[in-house]
Structures are given as C-alpha cells and as structure tokens.
Amino acid sequence: MHAQRAPAELLRAAADGDRSAWDALEAEFGPLMWAVARATGLGAADAADVVQGGWLRLLQRMEDIREPERVGAWLATVVRREALQLLRESGRSGVHALAVAEEPEPGAAVLGDDDRQLLWKAVSTMHEPCRTLLQLVAIDLGSRQTAARLGLPIGSVGPTRARCLEKLRTLISTQEMAR
C-alpha cells in the first residue's frame, strides 16, 4: 500500500511524465470533477466532455498553476466554468437547466440552489469513504465501478452507501438547525 502523496507533489510528478502520478490525480479529483459537472445540470455525455476538457486544461497548464497544493480546487473551477460555458452556448443557464438536462440527477429538481450548496458543502466535510462514495453516486458510476474505485467488495457498496447517506442526513439536519 502506497502512502498518499500530496496534490502538489502529484502535480509536479505528473508534469515530469510520471503516469502513476497522473493516475493518482485522476483517482483523487475525478469524482469531484464529475460531481461539479453534474451539479450544473449537465447530462452524462456533456458532463464527460466537460470533465475531459478539465483534464486537458490541466495537461496544458500544469506548469502555470500558482498554487499546486490547490489543484483540486483549480480543477473544480475549470470544470464549473466549462460547464457553464457549455450551458450558455446551448441556451441553458446553470442549475436552472436541470429540467432540460439529458439525465437530471435524482431529486435535483426539488433542491434549490441553497440546498444544493448545503448538500455539497456537507459532503465535502465527510470522511472517506463516504465523501468519495457520495460523489460517485452523484455521477451514477454504478456499483461495480464504485466498488473498484473505493477498493470495496461489490456487496458492501449498498450498505456503505446507506450508512453514508444516513450520516449525511444527520449532518445536514444539524447544519439546518444551526441556521
């Protein structure tokens, strides 16, 4: 088992041609990028294009990133901007495009912008594997791929998801009471 490397170290190594560092960046930040793309209301195909565009921008600008330790935030920003650009070009606007997205996220239509922000803020504060598992659920990755990504037996994905969702419900309830 390898020790987890810091994002800045992974970015430097990937820029030097280390394929395993690039793979680690993808494993670390891919689910976040997908969650950001899907949260804007894009369907699966458009979200895939936007995520791929984010990786391409990283490849083109690796040497120019001012804060390599914040590469995850940089990638999320790039994906969000690309998604919003795609929505503008197609005549849709931001999260309001959920009603016309190819494959809207379950429950997205009932969540307002504030609720959606509260949800993803709460998810981002959760410990692993819940944080990544819920991001993978949001992009509808499927149980086999989710299990492989998290290194879990396929039979434990459902029960783990249920526990994580219960933790998320509790966390959100606590945050809402604090409002």
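User: Is Cys130 buried or exposed?
Analyst: In this predicted model, the class of a residue follows from its relative accessible area, and buried means under 20%. The relative accessibility of Cys130 is 4%, so this residue counts as buried.

User: Which residue does a disulfide join to Cys130?
Analyst: A pair of cysteine sulfur atoms has to lie within 2.5 Å to count as a disulfide, and the search by this rule gives a count of 1 disulfide. The S to S distance in that link is 2.1 Å, and the partner joined to Cys130 is Cys164.

User: How many residues apart in sequence are the parts that the pair of Cys130 and Cys164 ties together?
Analyst: The link of Cys130 and Cys164 is left-handed, with -80 degrees about the S-S bond. Cys130 belongs to helix H6 (residues 130-138), whereas Cys164 belongs to helix H8 (residues 157-178), so the parts that the pair ties together are apart in sequence by 34 residues.

User: What is the relative accessible area of Cys164, and is the residue buried or exposed?
Analyst: The cut-off for a buried residue is a relative accessible area under 20%. Cys164 has a value of 1%, so it is classed as buried.

User: How many helices and how many strands does the secondary structure of the protein chain come to?
Analyst: Read from the N terminus on, the elements of the protein chain run α-α-α-α-α-α-α-α. The secondary structure therefore comes to 8 helices and 0 strands.

User: What share of the 179 residues in the protein chain do buried residues make up?
Analyst: The accessible surface of the protein chain comes to about 10600 Å², and 53% of this surface belongs to carbon and sulfur atoms. Of the 179 residues in the chain, the buried ones make up 39%.

User: Which elements are included in what covers the buried residues of H1?
Analyst: Helix H1 spans residues 7-15, and its buried residues are Ala8, Leu10, Leu11, Ala13 and Ala14. After H1 comes Gly17, whose phi is positive, near 95 degrees. The cover over the buried residues of H1 includes H2, helix H3 (44-61) and helix H4 (71-89).

User: Which residue forms a salt bridge with Arg19?
Analyst: A search of the whole structure finds 8 salt bridges, and in one of them the closest N and O atoms of Arg19 and its partner are 3.0 Å apart. Both residues lie in helix H2 (residues 19-39), 4 residues apart, which is about one turn of the helix.

User: How far apart are the closest N and O atoms of Arg61 and Asp64?
Analyst: Arg61 is partly exposed, with a relative accessible area of 42%, and Asp64 is also partly exposed, at 47% relative accessibility. A salt bridge requires the side-chain nitrogen to be within 4 Å of the carboxyl oxygen. Arg61 and Asp64 form such a bridge, with the closest N and O atoms apart by 3.7 Å.

User: Which residues do salt bridges that share partners join into one network?
Analyst: Arg70 and Glu67 form a salt bridge, with their closest N and O atoms 3.9 Å apart. Arg70 is partly exposed at 47% relative accessible area, and Glu67 is partly exposed at 42%. Elsewhere, the residues that salt bridges with shared partners join into one network are Arg5, Glu9 and Asp18.

Key
Residues numbered from 1 in each chain as written. Predicted model: local features only at pLDDT ≥ 70, side-chain atom pairs only at ≥ 80, totals over all residues. Heavy atoms only, no water. Helix = DSSP H or I, 4+ residues; strand = E, 2+ residues; numbered from the N terminus. Buried < 20%, exposed > 50% of the residue type's maximum accessible area, 1.4 Å probe, protein only. Areas by Shrake-Rupley, 256 points an atom, 1.4 Å probe, with all protein chains shown as cover. Contact = heavy atoms within 4.5 Å.
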